[in-house]
Amino acid sequence: MTSRARGKALRGFAIGDYDAAMQRLQGHLKKTMLAGAFAFIPIAITIAILIYIENMTRAPLAKMGMNIPGLGILLAIGLIYLTGLFVSSLVGKFILVRLDRLLQRLPLLRDLYKAWKQISFTPGGGEGIYAQVVLVPDGRGDQHVIAFSSMQDVGPESDSIAVFIPNAPNPVTGRVAFIHRRDIIELPISTEEAFKILLSSGNYVPLEVAQNLR
């Protein structure tokens with residue numbers, strides 16, 4: 001091989017290595033930026049809400065002689081905590097059940113409320129597509145993928161269940177599949193844990209997932 005041919009070959013290898021390195025870098029940046037964005041967005045929204053609450057409550061509290069920076073935020077956090085205690089109590093659950101039945105009977109709000117329940121993000125609850133974290137076959141039979149489901153049959157004479165299979169590390173997008181109940185593995189983990197798996201692209205996997213794959 002002549003020196004010119006060797007030079008062309010080396011340049012070809014260099015270009016190939018450069019393209020491969022750029023593809024790896026782009027993939028790394030895409031995954032890292034998406035993971036960072038999904039971690040930053042809820043934090044930014046929370047901070048914006050807290051600033052809004054502080055600005056809205058500062059003047060009324062000042063008129064009451066309580067001009068203390070951050071007091072409105074503390075009161076809002078306390079109110080949210082008390083609300084959580086209330087809805088977790090027996091009385092709160094009883095009232096929520098009654099309210100749920102009432103809203104499902106109102107002619108104008110019934111359809112809107114049912115649609116909201118079907119798509120609402122309710123971690124750990126019994127409603128909505130995110131109610132249960134599951135493992136479903138990937139279609140080839142040799143792998144399982146994480147999905148979310150309400151675990152409700154699609155029809156009275158069907159054992160198929162609608163599941164949402166999210167993408168990683170961007171779990172907001174994905175696809176909907178209809179899978180037989182017998183092929184679904186319910187995972188004893190929360191929706192938040194499932195999102196951690198997806199956002200980390202599998203770097204974080206709870207022990208419960210491995211135990212259900214045996």
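1. Let's begin where helix 2 meets helix 3: Phe86, Val87 and Ser88 of the former touch Leu90, Val91, Gly92, Lys93, Ile95 and Leu96 of the latter (contact means heavy atoms within 4.5 Å). By class, the residues of this contact are six nonpolar, two polar and one charged (Ala, Val, Leu, Ile, Met, Phe, Trp, Tyr, Cys and Pro count as nonpolar, Asp, Glu, Lys and Arg as charged, and the others, Gly among them, as polar).

2. A word on the basis: this is a predicted model, where local features need pLDDT of at least 70, side-chain atom pairs count only at pLDDT 80 or more, and totals for chains, interfaces and linings use all residues. Residues are numbered from 1 along each chain as its sequence is written, and side-chain values use heavy atoms, leaving out hydrogens and water.

3. Now the sheet: five strands form an open sheet in the order 4-3-2-1-5, with antiparallel pairing (two strands pair if DSSP finds at least two bridges between them). Strand 4 (174-180) and strand 5 (185-186) are the edges, each pairing on one side only. Helices (H or I, at least four residues) and strands (E, at least two) are DSSP runs, numbered from the N terminus.

4. Strand 3 (residues 160-166) pairs with strand 4 in the antiparallel sense over seven bridges. Phenylalanine 164 has valine 176 in strand 4 as its bridge partner.

5. Finally, have a look at serine 160, which lies in strand 3. Serine 160 is buried, at a relative accessible area of 15% (buried means under 20%, exposed over 50%, partly exposed in between, with a 1.4 Å probe and protein chains only). Not counting residues up to four places away in sequence, serine 160 touches Gln152, Asp153, Val154, Ile179 and His180.
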